[in-house]
Amino acid sequence: MSIEAVKWAMDDAPMLRTSSGKPDATARHVLQALAEYARKDGSNAHPSVIRLQYRTGYDRRTVQRALRRLEDAKLICRDGVVQDRTKWRLLVNLARPASDWDDLERSEDAGREAAAERKRKSRARHVTHSNDVTVTDSEAVTNPDVTHSESGRHALQMRDVTHFKSGRHALSAAVTTNQLPEEPPTTRSNAGGGEPAGPRGLDFNAPIDDDGFALNDAMRRWATSTFGAAVDIDHETELFLSHHRANGTRRHSWPDEWQKWIRRSAKWASERRTTSNVIQLPSGQTLTGTDARVAGWLNLPSEENQ
């Protein structure tokens with residue numbers, strides 16, 4: 001095998017073209033396999049057709065037709081017979097025109113420009129025109145519990161908001177900074193009637209409203225008998241509704257999900273009491289505040305504790 005002959009077949013030999021003008025890859029592959037058996041000057045290449053089949057993976061007729069096309073293009077010529085096999089000479093003096101490389105570079109550049117143009121058009125389809133943009137007064141959309149920076153960045157759509165009444169974080173509470181404040185949605189009862197649930201001005205309800213979740217007396221009795229005054233049932237129910245309306249979640253059983261919410265709230269309330277500055281008097285009164293204030297309460301006359 002000659003490295004020079006193989007390099008010529010791979011890089012420097014003229015590229016044959018099909019009737020449609022595309023590169024004849026089959027003939028090129030057969031020429032490269034034939035070059036592996038040639039000498040440096042391209043002579044004495046006499047592999048059998050079955051050997052070329054083995055090298056290329058083509059069937060016998062495909063290999064024979066490729067050899068005929070190479071011979072017609074004067075890239076190879078017959079140079080005798082060796083053991084009933086045709087001996088071929090590769091015409092390594094033929095060179096591929098430099099324009100082939102230039103054509104490939106132009107095609108590559110055109111492909112990049114076409115891809116960039118498609119990307120620009122795709123971006124243009126997703127741009128909102130200025131005539132369609134509604135400008136809203138910033139004073140009308142500022143939530144008093146949310147501090148916006150002066151850097152001009154967009155406020156995140158989902159925030160971790162601390163509710164002052166419960167002292168805990170509402171999970172994934174939604175904060176809307178691009179529309180006016182609106183009335184909280186009302187919950188539709190199982191018995192029907194009343195105002196439809198869901199945010200006003202919208203044509204759809206949250207899944208929890210569509211399912212008709214409502215706080216009934218049995219649920220309230222369960223929470224009171226289980227946790228007593230440790231949980232503000234009405235406030236926690238409002239947080240529960242706001243959370244699931246904001247996230248649009250769906251549950252198989254909303255009463256079970258509500259009970260799980262109340263249990264978690266009671267657990268967090270208990271943890272806060274064990275770590276915060278809170279004292280429970282024998283009279284049932286709960287004292288909170290700084291250490292000095294608590295100490296002052298503890299020094300009150302004994303009748304205060306009766």
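A crossing of two helices is called left-handed if the near helix is turned anticlockwise from the far one by less than a right angle, and right-handed if clockwise. Here, α1 and α2 cross in the left-handed way. The model is a predicted one, in which local features need pLDDT of at least 70 and side-chain atom pairs count only at pLDDT 80 or more, while totals for chains, interfaces and linings use all residues. Residues are numbered from 1 along each chain as its sequence is written, and side-chain values use heavy atoms, leaving out hydrogens and water. Helices (H or I, at least four residues) and strands (E, at least two) are DSSP runs, numbered from the N terminus.

- The axes of α1 and α2 come within 8 Å and cross at roughly 165 degrees (axes are lines fitted to C-alpha atoms, for helices over the stretch in contact, with angles from 0 to 180 degrees between N-to-C directions).
- That makes α1 and α2 roughly antiparallel (over 145 degrees; under 35 is roughly parallel, 65 to 115 roughly perpendicular and the rest oblique).

- Strand β1 (residues 76–82) pairs with β2 in the antiparallel sense over five bridges; pairing takes at least two DSSP bridges between two strands.
- Cys 77 has Arg 89 in β2 as its bridge partner.
- Two residues lie between β1 and β2 in this hairpin, and Gln 83 in the turn has a positive phi of about 50 degrees.

**Loop residues with positive phi**
- Most residues other than glycine have a negative phi.
- Asn 44 has a positive phi near 60 degrees, sits in the loop between α2 and α3 (49–56), and is partly exposed at 21% relative accessible area.
- Lys 74 has a positive phi near 65 degrees, lies in the loop between α4 (60–72) and β1, and is exposed at 56%.

**Pro 255**
- Pro 255 belongs to helix α9 (residues 254–275) and is partly exposed, at 38%.
- Leaving aside neighbours within four places in sequence, Pro 255 is in contact with Phe 213 and Met 219 (heavy atoms within 4.5 Å).

Conventions:
Buried means under 20% relative accessible area, exposed over 50%, partly exposed in between (1.4 Å probe, protein chains only).
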